[in-house]
Amino acid sequence: EELVRYAEQLATSLRRIQILESMKANLAKFVPKTVRDLIEESPEAPLLDKTEADLSVVFADITGYTRLSAQMEMERVNQLVEVYFGAFLDEVLKYGGDVNETAGDGLMVIFRDPDPRRHAASAVRAALGILRRTQETNATLEGFFEPVAMHVGVNSGIASVGAIKIEGAAGTRWTYTASGPTTNIAARLAALGEGGAVVMSEETRRRLG
């Protein structure tokens with residue numbers, strides 16, 4: 001009888017572990033890698049406080065997204081974005097970037113490294129990779145979709161990195177992001193860009209040598 005009860009407790013514990021592992025795997029799909037690493041390093045009290053960090057930021061968004069959305073069914077627009085962003089993610093991960101935010105038509109990627117020249121170079125390589133993958137995907141989808149062009153901007157410098165808490169009457173929402181002039185300039189540089197070119201700041205250019 002004691003053994004049966006022990007076996008039942010063990011089975012219950014295993015089921016709970018399986019559920020927790022499943023939850024972790026699903027939550028990981030929505031959480032930036034930086035945050036996952038911080039939580040794994042210190043599960044009880046992860047270091048999510050805002051700190052200043054030297055980093056490089058890539059902003060990339062689809063030119064004419066509003067026009068695409070007006071011309072096509074939303075499901076097809078989403079499929080199109082998924083194909084392109086899937087290709088971009090490969091480039092981002094190859095160069096050690098972390099996708100920090102995504103919007104319907106764009107993404108913000110952060111690159112960090114102890115050597116400020118190295119993360120600037122990685123960001124630019126990833127940005128060029130995004131343009132290359134755009135051309136490749138355009139060729140693959142020729143005849144099915146109109147070719148897409150990307151606006152891409154890169155900037156390097158000090159940014160405030162950490163958790164931002166938004167409190168309302170109905171509850172609290174946390175997000176983990178980089179903010180400040182460094183990220184704002186990267187977004188503005190992307191907006192200035194023509195499709196098929198990377199616009200980088202003078203600071204990023206200076207670090208490339």
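I sorted the lining of the second largest pocket by residue type and found seven nonpolar, four polar and four charged residues. For this sorting, Ala, Val, Leu, Ile, Met, Phe, Trp, Tyr, Cys and Pro count as nonpolar, Asp, Glu, Lys and Arg as charged, and the others, Gly among them, as polar. I looked up the space in the second largest pocket: about 300 Å³. Of the 15 lining residues, Thr 34, Gly 96, Asp 98, Ile 110 and Arg 112 are the closest to the centre of this pocket. A pocket here is an open set of points, on a 1 Å grid over the protein atoms alone, where a 1.4 Å probe fits, with protein on both sides within 12 Å along at least five of seven lines; lining residues have an atom within 4 Å of a point. Grid points are joined across faces, edges and corners, and the volume is the space filled by probe spheres set on the points.

I then asked which elements supply the lining. Helix H2 (33-41), strand E2 (98-102) and strand E3 (106-111) each give at least two residues. H2 gives the most, with four.

**Ground rules.** I noted that this is a predicted model, that local features need pLDDT of at least 70, that side-chain atom pairs count only at pLDDT 80 or more, and that totals for chains, interfaces and linings use all residues. Residues are numbered from 1 along each chain as its sequence is written, and side-chain values use heavy atoms, with hydrogens and water left out.

**Whole chain.** I counted seven helices and six strands. These are DSSP runs numbered from the N terminus: helices (H or I) have at least four residues, strands (E) at least two. Along the sequence the pattern reads α-α-β-α-α-β-β-α-β-β-α-β-α. The C-alpha atoms fill a box of roughly 75 × 45 × 40 Å along the principal axes. Of the 209 residues, 36% count as buried. Buried means under 20% relative accessible area, exposed over 50%, and partly exposed in between (1.4 Å probe, protein chains only).

**Salt bridges.** I looked for a side-chain nitrogen of Lys or Arg within 4 Å of a carboxyl oxygen of Asp or Glu. That rule gives eleven salt bridges.

Asp 54 and Arg 207 form one of them (2.7 Å, N to O). Asp 54 sits in strand E1 (residues 51-62) and Arg 207 in helix H7 (residues 202-208), 153 residues apart. Asp 54 is partly exposed at 27%, while Arg 207 is buried at 11%.

Arg 207 also meets Glu 203 in a salt bridge (2.8 Å, N to O). The two are four residues apart in helix H7, so about one helical turn separates them. Glu 203 is partly exposed at 25%.

Salt bridges with shared partners join Asp 90, Glu 91, Lys 94, Arg 132, Arg 133 and Glu 136 into one network. I checked Arg 132 and Glu 91, which meet at 2.8 Å, N to O. Arg 132 lies in helix H5 (residues 116-140) and Glu 91 in helix H4 (residues 74-94), so the pair ties together parts 41 residues apart in sequence. Arg 132 is partly exposed at 35%; Glu 91 is buried at 1%.

**Surface patch.** I found a nonpolar patch of about 410 Å² made by Tyr 6, Leu 10, Leu 14 and Ile 17. Patch residues have over 30% relative accessible area and no salt bridge; nonpolar side chains (Val, Leu, Ile, Met, Phe, Trp, Tyr) are joined within 5 Å, like charges within 9 Å. Areas come from the Shrake-Rupley method with a 1.4 Å probe, and for residues only the protein chains shown count as cover. Tyr 6 is in helix H1 (residues 2-28) and is exposed at 52%.
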